[in-house]
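Subject: Structure handover

Hi,

Here is the structure I promised you. Please open it beside this email and follow along.

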Amino acid sequence: MRIETLCVHAGHGPDSATGAVSPPLYLSTTYERDTDGEFRRGFVYARDANPTRAMLERALAELEGGEAALAWSSGQAATNAVFQSLRPGDHVVVPVFAYYGTPQLVREVYEPWGLQASYVDMRTLDAVRNAVRDNTRLIWVESPSNPLLTLTDIAGVVEIARDVGARVAVDNTWATPLGQRPLELGADIVMHSTTKYLSGHSDVLSGALVVRERDDDLFPRLRLLQKEGGAIAAPFDAWLVARGIRTLPWRMRAHTANAMAVALFLQSHPAVEAVHYPGLVTHPQHEIARRQMHLYGGMASVQVRGGRSEALATAARLRVFTRATSLGAVESLIEHRASIEGSATRAPENLLRMSIGLEHHEDLIDDLQQALGG
Ligand SMILES: Cc1ncc(COP(=O)(O)O)c(C=O)c1O
């Protein structure tokens, strides 16, 4: 089936007990045993499994083309489980251009715990190749990256990982399965902050992992960490993410069209120093974007002339955009990234990150025009 059809039907059909077309929300934490002591209906206790979460997990696996998926209480809970699945003494390669929480988690939690880590600019494969060691077990990729929209050649990283017997995990939050299909490019794990596009309405905090193979030793370990670590997606959050998925293809197309229009406008504005958007032919890695992305997505960043103060002043003058962190929802958001990320940030002080929403693109452009002046 094509992705639009998959998204509408993934993970559920009419409820067998009642005929309900929209899937039920199961809040029960505990489930009745059969008279002989068995649990033939498959559910025992909600941390282990819950029918609403199971419905979402089936949908996530179908959507990314994986064999199994796990839904978590946040994107970071999902990321955390991947690193936690490794053993002290293992080596990981982590991107320097990424959601700042990912390298921070490895540096602050997993290095003291015994993981070895290399932090790499993954815009070139040579840098990745030079970083891997005999004990490298995981290469983490984020493409396009937060907030500079740098790209990494996923298939190229997979080839390097295979040579040393490492797995590849891709944070696919910004691209979504509509924009990029990491498992088809050979990656082993896809991670999502489903807080963003998959739910799509700024009202859920949740995360996901999808694995290419259910039967190797990775999935049972992640499943164990989900159950015993306990950072599961709550039933209502799972239900909201599953609902968001049904409209994902159409939202992503509109986000992309709007972002492209905004990026083209900004590129020609005299108050703008640089625009970062993978769909622009002027993006230094546009060739990778064309090769591995099907949609360029709704995220773009702009560097304005005049430094930090002018960036903050520009954001303050906007009326349609909301000044807020996060991304991937119906409303356009803008954020001064350096001041959120703190002293280790790689975001330039004059950079504003934009999550381009589903408003009319001309209203967004008019708003940017009045804020930038000229
Ligand atoms: C690319 C990316 N990965 C991971 C995360 C973390 O997700 P969450 O906030 O759901 O824990 C974010 C959040 O902004 C993100 O943008």
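In H9, the buried residues are Pro235, Ala238, Trp239, Leu240, Val241, Ala242, Gly244 and Ile245. Buried means under 20% relative accessible area, exposed means over 50%, and partly exposed is in between (1.4 Å probe, protein chains only). Helices (H or I, at least four residues) and strands (E, at least two) are DSSP runs, numbered from the N terminus.

Before we go on, two notes on the source. This is a predicted model: local features need pLDDT of at least 70, side-chain atom pairs count only at pLDDT 80 or more, and totals for chains, interfaces and linings use all residues. Residues are numbered from 1 along each chain as its sequence is written, and side-chain values use heavy atoms, with hydrogens and water left out.

Back to H9. 8 of its 11 residues are buried, so H9 is largely enclosed by the rest of the structure. What do the buried residues of H9 pack against? They pack against helix H1 (3-9), H2 and H10.

**Helix pairs**

Two packed helices are described by the angle between their axes and the distance between the axes. Axes are lines fitted to C-alpha atoms, for helices over the stretch in contact, and angles run from 0 to 180 degrees between N-to-C directions. Contact means heavy atoms within 4.5 Å.

Start with H2 (residues 51-64) and H9 (residues 235-245). Their axes come within 8 Å and cross at roughly 35°. H2 passes H9 in a left-handed crossing. A crossing is left-handed if the near helix is turned anticlockwise from the far one by less than a right angle, and right-handed if clockwise. H2 brings Thr52, Arg53, Met55, Leu56, Leu60 and Leu63 to the contact; H9 brings Pro235, Ala238, Trp239, Val241, Ala242 and Ile245. By class, the contact of H2 with H9 has 10 nonpolar, 1 polar and 1 charged residues. Ala, Val, Leu, Ile, Met, Phe, Trp, Tyr, Cys and Pro count as nonpolar, Asp, Glu, Lys and Arg as charged, and the others, Gly among them, as polar.

Next come H10 (residues 248-267) and H14 (residues 361-372). They pack at an angle of about 30°, with their axes 9 Å apart. H10 and H14 are therefore roughly parallel to each other. (Angles under 35 degrees count as roughly parallel, over 145 as roughly antiparallel, 65 to 115 as roughly perpendicular and the rest as oblique.) H10 passes H14 in a right-handed crossing. Asn258, Ala261, Val262, Phe265 and Leu266 of H10 meet His361, Leu364, Ile365, Leu368, Gln369 and Leu372 of H14. The contact of H10 with H14 has 8 nonpolar, 3 polar and no charged residues.

The last pair is H3 (residues 75-84) with H4 (residues 101-113). Their axes come within 11 Å and cross at roughly 40°. H3 passes H4 in a right-handed crossing. From H3, the contact uses Gln76, Thr79, Asn80, Phe83 and Gln84; from H4, it uses Gly101, Thr102, Leu105, Val106, Tyr110 and Trp113. Here the residues divide into 5 nonpolar, 6 polar and no charged.

**Helix H6**

H6 covers residues 154-164, and its buried residues are Ile154, Gly156, Val157, Val158, Ile160 and Ala161. What covers them includes helix H5 (125-131), strand S4 (136-142), strand S5 (167-171) and helix H11 (286-292). Asp153 caps the N-terminal end of H6, with a side-chain oxygen 3.3 Å from the backbone nitrogen of Ala155. After H6 comes Gly165, whose phi is positive, near 75°.

**Two single residues**

Thr150 lies in the loop between S4 and H6. Is Thr150 buried or exposed? Thr150 is buried, with a relative accessible area of 8%. Its side chain makes a polar contact with the side chain of Ser145 (2.6 Å). A polar contact is a pair of N or O atoms within 3.5 Å; within protein, one must be able to donate a hydrogen and the other to accept it, and residues adjacent in sequence count only if both atoms are side-chain atoms.

Glu62 is in helix H2. Glu62 is partly exposed, at 36% relative accessible area. A polar atom of the Glu62 side chain lies 3.5 Å from the backbone nitrogen of Gly11. Glu62 and Gly11 are 51 residues apart in sequence, yet 7.8 Å apart in space, C-alpha to C-alpha.

Best wishes
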